[in-house]
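Try each task before reading its solution.

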Amino acid sequence: MKPFNISIPVIAALAMSPLTAEADYPVAVHGSVQADIVFPEIDDQIGAIGPYAEKILFNTYADVNMASRYVDAGLRAEFMKWPLPGYEKDFAGWGLSNFYVKGKYKGFDLTAGDFYEQFGSGFILRTFEDRALGIDNAIRGGRLNVNAVKGLRLTMLGGVQRRYWDWSKHSQVYGANAELYMHDYIKSMQDRGATWMIGGSWVLKHEREEEIYVGDTDYYLNLPKCVNAFDVRTSFAKGPWSVLGEFAWKGQDPSYDNSYTYGTGTAYMLSASYSKKGISAMLQAKRSFNMSYRSQRKVDGISAYINYMPAFTYMHTYSLPALYPYATQYADGEWAYQGSFSYMFPRNSALGGRYGTKLTVNASYVAGLSMNPAPQGLGGMVQGTDGARPASFFGHGDCNYYDINVQIEKRFSAPFSMTFMYMNQMLNNQVVPIVETDEKYIRTNILVADAKYRFNRKYTLRGEAQYLFTKQDQKDWAYGLLEFSWTPYIMVSVSDMWNCGDTGTHYYMFGVTGNYRNNRLMLSYGRTRAGFDCSGGLCRPVPAMHGFKINYTYNF
């Protein structure tokens with residue numbers, strides 16, 4: 001079940017809507033309760049060996065938010081004393097994790113407490129919550145948004161960043177963002193339906209100096225207390241066309257990620273898209289290097305990031321294509337390319353048939369940078385030097401990842417439709433160590449067939465058949481799923497992921513989901529394969545699991 005998230009922009013939109021802003025409904029209160037519970041069992045065959053100190057593990061959240069015309073407020077309590085498997089040890093804890101009060105008046109809003117923010121594409125600042133990954137890097141402090149001047153939006157903020165139950169009291173984050181919408185000032189652009197935005201951002205991390213020694217010597221690094229980062233961008237759109245360009249720069253930031261070296265970081269991105277009825281296309285490219293930007297320099301893993309670097313790889317929704325996901329290389333850098341094309345063959349045409357046929361092609365390619373050797377510092381250590389630097393701007397190193405997939409969506413009759421997909425994929429396991437194997441590259445070919453039959457508006461039967469071909473890792477995999485739903489009340493499913501190439505292990509799962517008014521309850525029992533849970537290039541290791549799961553959500 002996808003976690004329910006409440007974001008500050010959504011709350012603000014509710015507060016300013018006619019439903020909540022007018023005198024008839026001056027105040028709206030809403031929120032949610034979420035509980036994810038696991039009763040783990042030992043299963044030596046899949047590596048779920050435990051033993052677990054507790055017989056029950058759970059993550060629980062409770063949000064309540066108030067929205068009105070001039071004031072918003074909210075808080076969130078969390079109880080993760082015995083969290084689900086796979087989260088970092090610091091994730092465990094409980095208490096009041098999030099609270100805020102926001103005042104709004106005539107284009108100004110001021111927030112005090114915990115908030116989430118993103119500047120541009122997130123290259124130098126993005127704070128967000130993703131409960132599946134265990135990420136909540138909110139900033140606790142103050143933020144001012146100004147939207148009182150036509151065509152101009154300003155944001156200023158400052159505070160300390162959350163990392164699990166630590167709010168980084170030895171470091172602070174400050175930032176400012178401005179976006180100028182030129183079409184509000186140029187009448188000819190308004191007449192032609194064109195938009196043009198120019199934006200700029202600045203972020204400062206101030207972190208207390210620590211003694212980090214160079215190797216086994218008595219010398220320690222002179223660490224910068226302040227690390228600045230800047231971002232500039234512009235976007236233009238007219239009709240079906242849109243273009244975005246962005247550049248970010250980060251100052252000297254020695255950290256665990258870059259082996260405590262002093263080189264600066266950069267990120268470049270160019271994206272273009274075209275979309276109209278029946279056809280769409282997108283191309284984008286990104287070059288990044290040494291862009292790991294954390295509020296705590298000694299931290300590793302996916303926590304404590306101030307910024308976010310998108311992966312530029314397709315986000316697969318099917319099980320087997322997601323077995324070998326790609327994780328963005330923040331510190332080492334990468335060249336990343338992604339493109340997609342979608343076309344709807346018209347109804348009653350030769351390829352469209354009676355109901356039309358949709359064809360989608362997606363491709364991603366990510367490579368490392370061509371690098372010069374790292375200089376040697378004191379005692380032959382790289383610490384304290386500028387570190388390895390790219391040999392040239394356009395130089396490419398080894399391929400880290402690529403995939404190309406073709407999808408066909410076809411309705412054969414009013415109740416019956418199918419989706420077919422073929423995907424060719426390659427992962428450099430030495431750069432992104434997803435599995436334990438001596439093979440450098442894992443290459444796969446994947447076939448997917450997804451069929452849906454709607455008996456009527458209430459009853460639907462859906463099935464999936466997937467097969468993954470590979471000569472590496474554990475060889476071939478097969479996956480099958482059958483799902484019956486009675487909208488909107490209940491859904492029953494059974495699935496099995498079978499390693500038919502090497503181990504012969506079955507990862508079966510039985511589930512039932514019920515919805516009643518504002519309540520959603522999902523019960524499931526079975527096995528979960530050890531691997532990684534990934535979203536947008538950030539990945540959390542997930543251990544093998546066997547047991548009974550309960551997921552409950554109540555929204556009000």
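**Exercise 1.** Decide whether Phe455 is buried, partly exposed or exposed.

*Solution.* This is a predicted model. Start with the relative accessible area of Phe455, which is 49%. Next, recall the limits: buried means under 20%, and exposed means over 50%. Phe455 therefore counts as partly exposed.

**Exercise 2.** Classify the ring pair of Tyr453 and Phe455.

*Solution.* A search of the whole structure gives 32 aromatic pairs. In the pair of Tyr453 and Phe455, the ring centres are 5.0 Å apart and the planes stand at 70°. Planes over 60 degrees apart count as edge-to-face. So this pair is edge-to-face. Tyr453 has 34% relative accessibility, so Tyr453 is partly exposed.

**Exercise 3.** Find the nonpolar surface patch and the strands that supply at least two residues each.

*Solution.* First, locate the patch: its members include Tyr453, Phe455, Trp486 and Phe510. Together, the patch residues have about 1000 Å² of accessible area. Then turn to the strands. β21 (459-469), β22 (477-486) and β23 (490-498) each give the patch at least two residues. Trp486 lies in β22. Its relative accessibility is 34%, so Trp486 is partly exposed.

**Exercise 4.** Which rings have the charged end of an arginine over them?

*Solution.* Take Arg126 first: Arg126 lies over the face of Phe128, 4.1 Å from the ring centre. Now take Arg294. Its charged end sits over the ring of Tyr305, at 3.9 Å from the centre.

**Exercise 5.** Name the members of the aromatic cluster that contains Trp335.

*Solution.* Trp335 clusters with Phe247, Tyr268, Tyr337, Phe393 and Phe394.

Conventions: Residues are numbered from 1 along each chain as its sequence is written. This is a predicted model: local features need pLDDT of at least 70, side-chain atom pairs count only at pLDDT 80 or more; totals for chains, interfaces and linings use all residues. Side-chain values use heavy atoms; hydrogens and water are left out. Patches are made of residues with over 30% relative accessible area and no salt bridge: like charges are joined within 9 Å, nonpolar side chains (Val, Leu, Ile, Met, Phe, Trp, Tyr) within 5 Å. Accessible areas come from the Shrake-Rupley method with a 1.4 Å probe; for residues, only the protein chains shown count as cover. A salt bridge is a side-chain nitrogen of Lys or Arg within 4 Å of a carboxyl oxygen of Asp or Glu. Helices (H or I, at least four residues) and strands (E, at least two) are DSSP runs, numbered from the N terminus. Buried means under 20% relative accessible area, exposed over 50%, partly exposed in between (1.4 Å probe, protein chains only). Rings of Phe, Tyr and Trp (its six-membered ring) pair if their centres lie within 6.5 Å; planes under 30 degrees apart count as stacked, over 60 as edge-to-face and the rest as tilted. A charge sits over a ring if NZ of Lys or CZ of Arg is within 6 Å of the ring centre and within 35 degrees of the ring normal.
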